[in-house]
Amino acid sequence: MTTAPLWRPATVVTTRGAGSHGRILGLQVDGWPGNLAGQHVDVRLTAEDGYQAVRSYSLASSGPGEVLELAVDEVPDGEVSPYLVEDVRPGDQLEIRGPIGGYFVWTPDRPEPVQLIAGGSGIVPLIAIARAHERSGSSAPMQLLYAVRSASDAFYLDDIDRLTGNGLVVDWAYSRVAPPGFARPAGRVDAATIVASTLASSLEPSVYVCGPTGFVEAVADLLVAAGHAPDRIRTERFGGA
């Protein structure tokens with residue numbers, strides 16, 4: 001029998017903006033056991049009347065240490081995300097439970113090529129994987145396709161810029177507005193995008209896809225149609241408010 005992770009107090013120590021309506025939070029969690037790249041936590045908020053709301057958020061951090069990082073995209077009329085994006089400040093207290101998940105993880109001992117595909121704030125666990133890849137000195141080829149509505153909606157631009165060419169190949173897809181001079185017109189990720197901007201199925205990469213449910217399902221179908229084995233495609237969906 002597996003014991004469920006305990007709820008732990010978490011103190012907000014840093015905040016910074018992410019994209020046009022998101023926020024990156026650093027949380028101090030005493031006694032944190034460490035986590036693998038790709039895992040997530042549950043966050044619990046308790047109102048003054050005792051009402052509690054719980055949402056799951058991917059971690060952008062991994063490895064040892066007691067300061068965790070997660071990023072939140074605000075969902076209009078949501079219960080949790082507006083507070084975390086608009087109101088929370090350093091010194092505030094939250095509760096977290098984790099680390100959770102063993103399916104959507106990457107470890108440096110894996111030698112096969114890795115294809116990361118993110119939609120919007122689905123970049124968060126993939127940044128954790130890309131950071132772990134760089135930190136470990138892994139020689140496994142790694143490529144990222146990041147799909148966003150427009151350039152202003154992207155999270156973790158500084159990290160992506162730093163990692164590009166430093167063990168990570170990056171391509172972009174813009175669904176609504178492409179930057180001036182961008183070679184591909186704005187539009188959803190399609191079969192042509194998969195062929196042009198991801199590792200070929202003949203290389204047998206492990207593929208990690210994270211984003212809104214519709215995006216993830218569509219991309220997974222496109223990958224299978226392009227010849228990728230379904231058992232090599234790992235997916236993570238989100239939709240919590």
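Two strands are said to pair if DSSP finds at least two bridges between them. By this rule, strands S7 and S10 pair in the parallel sense over 5 bridges. The structure is a predicted model, in which local features need pLDDT of at least 70, side-chain atom pairs count only at pLDDT 80 or more, and totals for chains, interfaces and linings use all residues. Residues are numbered from 1 along each chain as its sequence is written, and side-chain values use heavy atoms, with hydrogens and water left out. Helices (H or I, at least four residues) and strands (E, at least two) are DSSP runs, numbered from the N terminus.

**The antiparallel sheet**

- An open sheet is formed by 6 strands in the order S4-S3-S6-S1-S2-S5, with antiparallel pairing.
- Its edge strands, each pairing on one side only, are S4 (52-58) and S5 (67-73).
- The twist from one strand to the next averages 40°; axes are lines fitted to C-alpha atoms, for helices over the stretch in contact, and angles run from 0 to 180 degrees between N-to-C directions.
- Strand S2 (residues 22-28) runs antiparallel to S5 and is joined to it by 7 bridges; Gly 26 has Glu 69 in S5 as its bridge partner.

- Ser 61 is found in the loop between S4 and S5.
- Ser 61 counts as buried because its relative accessibility is 14%; buried means under 20% relative accessible area, exposed over 50%, and partly exposed in between (1.4 Å probe, protein chains only).
- A polar atom of the Ser 61 side chain lies 3.0 Å from the backbone nitrogen of Glu 69.
- Leaving aside neighbours within four places in sequence, Ser 61 is in contact (heavy atoms within 4.5 Å) with residues including Asn 35, Ala 128 and Arg 131.

**The parallel sheet**

- A further open sheet has 5 strands in the order S9-S8-S7-S10-S11, with parallel pairing.
- Strands S9 (169-174) and S11 (233-238) are its edge strands, each pairing on one side only.
- Neighbouring strands of this sheet are turned by 10° against each other on average, direction ignored.
- Helix H5 (residues 213-225) packs on the sheet and touches S7, S8, S10 and S11; the direction of H5 makes about 150° with that of S10.
- Strand S8 (residues 142-148) is largely enclosed by the rest of the structure, because 7 of its 7 residues are buried.
- Met 142, Leu 144, Tyr 146 and Val 148 point one way from S8, while Gln 143, Leu 145 and Ala 147 point the other way.

**Aromatic rings and charges**

- Rings of Phe, Tyr and Trp (its six-membered ring) pair if their centres lie within 6.5 Å; planes under 30 degrees apart count as stacked, over 60 as edge-to-face and the rest as tilted.
- The count comes to 4 aromatic pairs.
- The pair of Phe 104 and Tyr 208 is edge-to-face, because the ring centres are 5.3 Å apart and the planes stand at 80°.
- This pair links distant parts of the chain, 104 residues apart: Phe 104 is in the loop between S6 (93-100) and S7 (114-119), and Tyr 208 is in S10 (residues 206-212).
- Phe 104 is buried, with a relative accessible area of 3%, and Tyr 208 is buried, with 0%.
- Trp 172 and Tyr 174 form a stacked pair, 6.0 Å centre to centre with 5° between the planes.
- Ring pairs link Tyr 146, Trp 172, Tyr 174 and Phe 182 into a cluster.
- The charged end of Arg 44 sits over the ring of Trp 7, 4.2 Å from its centre; this term requires NZ of Lys or CZ of Arg within 6 Å of the ring centre and within 35 degrees of the ring normal.

How values were computed. A polar contact is a pair of N or O atoms within 3.5 Å; within protein, one must be able to donate a hydrogen and the other to accept it, and residues adjacent in sequence count only if both atoms are side-chain atoms.
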